[in-house]
Structure formats: structure tokens, C-alpha cells
Amino acid sequence: MNKLKTPIYYLITIGGFSALIYWILLLGKKADQGGKAIDITVDKSYWSDFIAEFINHIKSPLALLLIQIFVILIAARVFGWICKKLGQPSVIGEMLAGIVLGPSFFGMYFPDLFNNLFPQSSFNVLQFLSQIGLIFFMFIVGMELDLRMIKNKAKEAVFISHASIVIPFALGVGLALFLYREFAPAGIRFSSFALFMGIAMSITAFPVLARILQERRLQRTKLGVMAISCAAADDISAWCILAVVIAIVKAGSVVSALYAILLACGYIFLMLKIVRLWLSRYSAGKELNKTSVTIFLLMLIVSACISEIIGIHALFGAFMAGVVMPDNPGFRTKFIHRIEDLSLVLLLPLFFAFTGLRTEIGLLNNIYLWVFI
């Protein structure tokens, strides 16, 4: 009998007060409310109104974003699984999922459904959310990097990095000789076109490399540390070169680009020599609690923001924030476990899928373009 008390009280309370509300509405039906009587009878038009309201709720920004995330994650997991079975990194499958969901396939064969699911107005929100996932991922990559292994190979890393820039840069400038007349926009000088070709050919895909190494568990090996170190040096060097190229193309002062380079060098020095030392002293003898997690996340946000303002890109700032984390394996491991699943499973696939989502292979609509590509 005691087990039935709660259900009985529930039914009496809900049923009694529901009946009271219905009785009050019946009484109010007779009262004039602004010239209209309250009608609580069921009408056929109510169903169509409900359907219209239901569709409006689906099209709301939050509901649409959640549906997009659901669709992208399912597609990314499926294509990632297929690529892993074929011996390829899952990141390839995530980008392929974006291409399939984008205008190259889904938008081509189901244009109405594609425009409703991925309207152009929703891309900004999806892009920013994917960038947040990338920032957290690069933060994790930086935390998993062993600085002691880098110190012994710093000179080799810088040489390999700059060699990987200057060689494709020269090849890109040379390729501009064959592409300039056909593809250069009107009014653009050859030097500007050639410099942009060079920088486009020499910038590395830092996040893709980091994701492959992390997935294959190579980030702690000597080869993996060297690859990440070269990619990091390559990334900051390429962004500094881009600042110089933009200054030259805009016929502005190259001095402004030099200021950006000096700020980048100062930022790296500040992170490695001052922030890293302060974090080590702060975390000495402390447990990982909510206060320390808040401080580290604030440091991540500030570092990413500063690097974005300088012009390097926020992902490098996130990477540097991970690098300067306290050199305590247990401390780092606990912190990584707190944010790894959210980053790798939920947010990061959005970034790689979004890259494919903006790809429209149909623009290469003749053999002539395919030959040049």
C-alpha cells in the first residue's frame, strides 16, 4: 500500500487542479475578453497551427545547430570508420563526410533538403563552434609534447621547417609563370600573384598532421615530436611570411609586417620563459581543482586570443598554451582527460567536416581545370 501512496497523491494533485483549471476556463468562456470569447473547443485549424509552429521550432537557430551537429557526427563516424578499415586516418573520413554532406553531393542531388539543413546563414555559427573544437584539440597536442626532446633537436627542427617552406614556395612562384595569364584577377601584378601562389603552396596543414599523429599515438615518439615541432615552426613562419606578402601586395609598409613578426617573437618568449615558469610555481604541490582548471582555461583563451590578434591564428596560441602547461605528467594527464572526449569526439569532427562542407568539386567543371589542379 505504501508503494501506491505517491502515484495516488500524484493523480489526485494533477487531476484535481487540472479539473479546476478546466472549470475556470468554462466559466471564463462566457466572459467577454476584448470582444472575443475564450474558445477551448478543438478545431481542425489547431492541428495545422501546431504543425506550422513545430516547423518554426525546427528552423530556430539552436534546434538547427543541434540537428546539424547530429548529422555531421553520424556522417563523420561512418566515413571515419570506413577510412580506418581501409588503413587511412579517420580525419580523412571526417573531411570526406563534409564533402558528401556539402554542395558536391548532397546539395547537388537534394538541393531543397540541403538548403533547409545547411542554410548559408547558419555557417558562421557552425564555423565558430568548429574553431573552438580545434583550439581545444591543439591545446591537448601542446600538452602532450615533450619539451625536453625538442631542446635536443631544435636546430634540426628549424632547418627542416624552413626547408619545407622555401622549396614549395619557390615552386609555387615558378608555377605562377604558367597560371598568371589565365587565372590572375584583372589589375593584379605578377609579383603579387606569384607571392600568393608561393605562400599557398608552402603553408602546412598543422591540425591535420596533429590529428594523424594523435590518432596513431605517435605524438610522444621521437619522430612524432620532431614532426609536431617542425609543423609548429612551419606554421608561425608561414603566417609571418603571409604578413609580409600582404604588406607588399597592398603596397603598404613592410615595417608593419616586421612589427607583427616582432610581436610574435615576443609572444613566444613570454609564453616559454615567463608564463611557463609562473604556471610551474603556481601548480607546485597543488591538486587539480576547479580554480586551477579555470586559470588554465583562461590562460588558453588569452593565449589563443593574443595569437589571433597578432595575426598568427588562434590555433597556434592554443598549442603554445598547452606547451607551457606545468611539466607534471600526472597533472597534465588529469587535465587532458577532462577535456579530451569533448574535443576529440564532439567538437573536432565538426572542424574537419566543415572544411569539406565548404568544398564544391562541381566548380572544376572541365578537364582544363582538373589538369592545372
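Arg217 is exposed, with 71% relative accessible area, where exposed means over 50%, buried under 20% and partly exposed in between (1.4 Å probe, protein chains only). This residue sits in the loop between α11 and α12 (222-249). Most residues other than glycine have a negative phi.

The model is predicted, so local features need pLDDT of at least 70 and side-chain atom pairs count only at pLDDT 80 or more, while totals for chains, interfaces and linings use all residues. Residues are numbered from 1 along each chain as its sequence is written, and side-chain values use heavy atoms, with hydrogens and water left out.

The protein chain holds 17 helices and zero strands; helices (H or I, at least four residues) and strands (E, at least two) are DSSP runs, numbered from the N terminus. Of its 373 residues, 37% are buried. The accessible surface is about 22,700 Å², and carbon and sulfur atoms supply 70% of that area; accessible areas come from the Shrake-Rupley method with a 1.4 Å probe, and for residues only the protein chains shown count as cover. Among contacts (heavy atoms within 4.5 Å) with a separation of 6 or more, 73% join residues 24 or more positions apart.

Next comes charge pairing. Side chains of opposite charge can pair when their charged atoms come close. A salt bridge is a side-chain nitrogen of Lys or Arg within 4 Å of a carboxyl oxygen of Asp or Glu, and by this rule the count is one. It joins the side chains of Glu94 and Arg211, at 3.0 Å from N to O. Because Glu94 lies in helix α4 (residues 90-101) and Arg211 in helix α11 (residues 206-215), the pair ties together parts 117 residues apart in sequence. Both partners are buried: Glu94 has 5% relative accessibility, and Arg211 has 8%.

Arg77, Lys84, Lys85 and Arg216 form a positive patch. Lys and Arg count as positive and Asp and Glu as negative, with His and the chain ends not counted; the place of a charge is NZ of Lys, CZ of Arg, CG of Asp or CD of Glu. Arg77 belongs to helix α3 (residues 61-85) and is exposed at 62% relative accessibility.

A nonpolar patch of about 660 Å² consists of Phe70, Ile74, Val78, Trp81, Ile82 and Leu86. Leu86 is in the loop between α3 and α4, and its 64% relative accessibility makes it exposed.

Ser343, in helix α16 (residues 329-357), is buried with a relative accessible area of 1%. Leaving aside residues up to four places away in sequence, Ser343 touches Gly133, Phe136, Phe137, Ile140, Leu348 and Pro349. Ile301, in helix α14 (residues 290-310), is instead exposed, with a relative accessible area of 56%. Ile301 and Phe136 are 165 residues apart in sequence, and their C-alpha atoms are 9.7 Å apart in space.

How values were computed: Patches are made of residues with over 30% relative accessible area and no salt bridge: like charges are joined within 9 Å, nonpolar side chains (Val, Leu, Ile, Met, Phe, Trp, Tyr) within 5 Å.
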